[in-house]
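The notes follow in the order I checked them.

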Amino acid sequence: MLQPVDAHVTALLGPTNTGKTHEAIQRMLARESGIIGLPLRLLAREVYDKIVGMRGPQSVALITGEERIQPPRPQYFVCTVEAMPLERGFDFVAIDEIQMCADPERGHIFTDRLLNARGRHETLFLGADTVRGRITELIPGTRVERRERFSDLTYSGARKISRLRPRTAVVAFSVDQVYAIAELLRRQRGGAAVVMGALSPRTRNAQVALYQNGEVDYLVATDAIGMGLNMDVDHVAFAGRSKFDGRQIRHLHPNELAQIAGRAGRYTSNGTFGVTADCDPLEQDVVEAIEQHRFAPIRRLEWRNSRLSYASVPALVASLEESPGESGLARAREAEDLTALRTLSEDREIMELTRHPDHVRQLWACCQIPDFRQTAPQDHASLISRIYRFLRTEEGCIPSTWFSEQLGRVDRTDGDIDTLSTRLAFIRTWTYVANRANWLEDAAEWQERTRRTEDRLGDALHAALTQRFVDRRSSDLIRRLKGKERLLAEVNDKDEVSAEGHFLGRLDGFRFTIDETASSEELKTLRSASMAALASEFAKRADKLYLSPDTEIDLTEQGGLMWGTYAIGKLEKGDTILTPRVRVFVDDIAGTEVAEKVERRLTHWIGRRVQSQFEPLIAMRDDEAITGLGKGVAFQMVEALGIIPRRQIADDIRQLAQEDRALLRKHSMRFGQHNIFMTPLLKPAPTRLRLVLWSLWKDLDEFPEAPPPGHVTVPGVEGAPDGFYEMAGYRLCGQRALRIDMLERLADLLRPMDAKAGFEAQPDMLSITGCTLEQFADIMQALGFKADRGERPKPPPAPRPTAEETPAEEAATPTDDTDQNAEPDTLAPPGSSEQPMATEDMVTASPEAGEDLPDQDAQDAATAGDDTAAPEEPEIEVFYTFTVQRRSDHGGQGRKHTSRSEQSHKSAKKAGKGKFKGGGAPKGKPGKGPQRRDKPMDPDSPFAVLQKLKKS
């Protein structure tokens with residue numbers, strides 16, 4: 001024991017948060033030299049950093065089992081209690097947490113410092129008031145100074161982990177429980193920092209920084225935080241009350257709970273403590289003891305003889321097993337170092353190497369290597385044996401190659417948390433070895449190398465802990481939202497939204513989709529952050545949409561409204577078929593003002609779109625010159641969006657006056673044999689819009705798509721809703737649908753045909769319909785004609801005309817009806833590149849386009865010498881004869897169908913003016929005759945011309 005020179009011993013006792021450690025530092029710095037012993041390496045590093053900030057790194061040394069920072073002439077030493085170099089003399093000596101004298105594992109070290117460590121001018125013991133009696137009994141004359149807590153500490157009961165308030169430290173007593181709670185807090189509260197005694201100072205400081213900087217609001221720790229680690233904790237929640245003390249699981253005593261709970265509340269800020277998870281509520285007497293800092297005094301201190309005999313290994317063991325000679329001291333239970341020494345004492349080879357007291361002293365130093373790896377005692381003893389053998393060789397040190405190999409095995413930063421923690425435990429062992437004097441050649445280099453390796457592993461472990469237990473996005477956003485900071489959204493070219501560098505989700509027009517990888521617990525945070533960050537972005541987009549040209553907005557065939565690639569709304573059924581309503585796709589977080597602006601813009605757009613696409617229809621509706629029955633027909637056309645099958649309004653059409661017809665024709669209305677329609681509305685754009693408006697009006701769940709533009713005929717659509725073909729501008733004829741304007745042209749060609757005698761399809765008919773002969777026959781049958789199929793030899797090709805016989809230009813004389821062909825056709829004409837042309841299958845089997853016919857003279861010359869040549873088989877062609885259907889053809893049902901050509905023949909005979917021959921027109925000039933006033937003749941009827949002929 002060091003005998004003090006002018007020693008003055010003081011016990012500075014009291015609960016946590018009384019400023020004891022701070023006062024000890026101030027007293028030490030007031031002396032020429034000093035040393036302070038602390039219970040944890042982490043706490044030692046914290047105090048070292050504080051003193052370095054006050055006096056500079058050249059004045060302070062840090063000595064722990066695994067770390068040594070020692071400038072040439074330091075004034076002050078900061079150490080763990082075990083590593084204090086007491087052989088040197090100091091003016092000031094302080095031991096923190098002196099109540100640790102009663103700890104079953106390490107208590108004998110603290111008791112030794114209590115009994116033997118003295119400063120030349122001042123000795124200070126810091127700790128709880130529970131050790132007051134033992135100190136005054138063992139060290140008579142000790143001055144005791146009582147310190148009261150700066151703030152109140154109160155019990156707040158039990159709370160679920162999900163309901164713990166911010167700035168809470170959750171205390172657990174196993175690594176598995178620490179990880180489980182940290183994971184739960186990550187999912188529910190954005191994350192938590194993790195602090196355990198096994199962490200390196202670098203990892204621990206980085207984790208504490210997460211908490212102290214406010215990146216996370218929760219800390220999950222073991223009871224290591226109870227040993228003076230200073231953090232801004234408002235509440236301490238116990239997730240358990242029992243721990244494994246190295247031999248058994250036991251309940252914590254009230255004073256141990258108070259040591260941990262006392263971390264809540266810093267300086268004058270009050271703190272609270274409670275329980276969480278599966279921990280049972282604290283008993284009332286325990287609560288009162290913690291709140292009032294009243295605990296049972298410590299009865300005995302752990303002691304182990306520090307005056308050891310190194311004469312031999314058995315003598316050393318015997319000295320370690322001595323019992324204390326004073327009351328109040330109890331022999332400590334066997335520690336790891338003594339267990340290792342007993343194991344090695346049974347090794348004959350080791351005993352042969354240990355014949356001198358210096359050898360015994362060296363073996364004992366090896367036995368004191370901490371088992372950071374937490375391996376089996378035999379494994380740890382084996383490592384000690386290996387190191388001791390190296391030290392007993394001729395070189396007297398550990399081989400650099402072997403030591404480098406051990407470091408190489410753990411100098412890797414890949415792997416998960418458990419793997420990194422294991423490597424960190426191993427490197428702590430090698431760091432301890434490197435810091436032993438004379439155990440390695442060039443020890444300073446190995447100390448630096450092990451320190452760098454430990455730092456790398458510590459950083460990797462910190463990163464792994466943070467990645468697993470901290471949702472930086474949620475925690476940072478929560479912190480900024482609580483601080484009322486304004487979040488600004490950034491939207492990249494992929495519509496990915498981020499705020500303050502954190503990915504939030506994707507923006508599709510005015511709808512925001514939260515990150516799909518976010519957990520259910522993160523959604524609330526992301527939603528709140530999105531509302532704050534996207535407010536300005538939504539307003540900016542609404543302004544941009546409002547000022548954008550109409551060409552940037554489009555309508556899908558399902559009634560969707562697109563702004564570029566964004567779906568920003570859809571049409572819904574309105575009050576009239578031409579005035580659909582708009583439902584916008586705008587998230588609630590955008591606000592009502594943005595939604596109203598988008599709705600207003602889209603409503604204006606669809607109104608102008610309908611106005612432009614149905615301009616003839618709307619102009620006809622609003623024409624005040626159209627009155628009476630004409631107004632009724634116009635109204636029906638508006639309701640039908642410009643296309644009505646003639647049979648539906650046949651009576652109204654027959655009763656229309658010529659003046660009304662003329663007014664309606666001015667608005668592009670065409671009176672066809674099969675349909676009444678407005679030619680400009682057959683274009684692709686009005687057709688698509690008409691189908692959407694009609695589908696809305698009919699409340700269809702799925703809107704039928706418009707036929708491809710430019711196609712004269714299209715295959716029939718299975719399951720098409722009633723009215724679809726009319727709205728699409730087609731009429732279903734058998735298996736195919738024919739465009740109605742082409743249907744009217746076909747009617748013009750069929751009108752002069754002799755349907756009673758029968759006729760064949762002409763090339764113009766096939767060209768108009770764009771069909772093969774078989775498809776045309778199907779269409780004709782659907783129109784009420786009978787199609788008789790036949791075969792015949794193909795006639796020989798006509799001789800080619802010479803150049804002199806071929807006219808330079810051929811003129812085409814189209815047929816035209818004064819009513820049906822008055823308007824120019826604005827759609828793709830038959831035979832254009834947009835329609836299928838008639839091929840060899842449409843009429844007969846003929847050579848392909850561009851193929852020359854064989855020369856007849858050449859054929860004759862080739863066969864002139866062959867009298868036995870067989871005559872060639874003639875080619876066969878297929879043809880159809882179309883006749884009007886008789887009553888019997890329809891099974892005797894309905895009135896007899898009569899073709900228009902047959903009706904024309906009968907009318908001509910009655911008038912005595914001849915008959916149609918070969919489909920030609922009757923001769924003679926039409927005259928004016930009396931007409932029925934009650935029912936004027938329909939000029940669009942095929943009988944109109946015949947009636948005129950009849951009366952001429």
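For the packing notes below, I take contact to mean heavy atoms within 4.5 Å. The model is predicted.

**Sheet**

I started with helix α28, residues 773–782, and found that it lies across β30, β31 and β32. Its direction runs at about 95° to β31. I then looked up how those strands are arranged: they make an open sheet of three in the order β30-β32-β31, and the pairing is antiparallel. β30 (713–715) and β31 (730–733) are the edge strands with a single partner each, so one side of each has no neighbour in the sheet. On average, neighbouring strands here are turned by 30° against each other, direction ignored.

Next I checked the join between β31 and β32. Strand β32 covers residues 736–739 and runs antiparallel to β31, with four bridges between them. Leu732 has Ala737 in β32 as its bridge partner. Helix α26 (residues 740–750) also packs on the sheet, where it touches β31 and β32. I noted about 80° between the direction of α26 and that of β32.

**Arg428**

I looked up Arg428, which lies in helix α15, residues 417–434. Is Arg428 buried or exposed? The cut-off for buried is under 20% relative accessible area. Arg428 has 10% relative accessibility, so it counts as buried. Leaving aside neighbours within four places in sequence, I listed its contacts as Arg41, Glu66, Gly197, Ala198, Phe372 and Glu454.

**Rings**

I counted 14 aromatic pairs. One of them is Phe403 with Trp446, edge-to-face at 5.3 Å centre to centre and 80° between the planes. This pair links distant parts of the chain, with Phe403 in helix α14 (residues 400–410) and Trp446 in helix α16 (residues 443–469), 43 residues apart. Phe403 and Trp446 are both buried.

I then went back to α28 for a second pair. Phe776 and Phe882 are edge-to-face, 5.6 Å centre to centre, with 85° between the planes. Phe776 is in helix α28 and Phe882 in strand β34 (residues 876–884), and 106 residues separate them. I found Phe776 buried, and Phe882 as well.

Which residues form one aromatic cluster? I noted Phe390, Trp402, Phe403, Trp430 and Trp446.

**Charges over rings**

I logged two cases. Lys573 has its charged end over the ring of Trp697, 4.9 Å from the ring centre. Arg792 has its charged end over the ring of Phe879, at 4.2 Å from the centre.

Definitions and conventions:
Residues numbered from 1 in each chain as written. Predicted model: local features only at pLDDT ≥ 70, side-chain atom pairs only at ≥ 80, totals over all residues. Heavy atoms only, no water. Pairing = 2+ DSSP bridges. Helix = DSSP H or I, 4+ residues; strand = E, 2+ residues; numbered from the N terminus. Axes fitted to C-alpha atoms, helices over the stretch in contact; angles between N-to-C directions. Buried < 20%, exposed > 50% of the residue type's maximum accessible area, 1.4 Å probe, protein only. Phe/Tyr/Trp six-rings, centres within 6.5 Å; stacked < 30°, edge-to-face > 60°. Lys NZ or Arg CZ within 6 Å of the ring centre and 35° of its normal.
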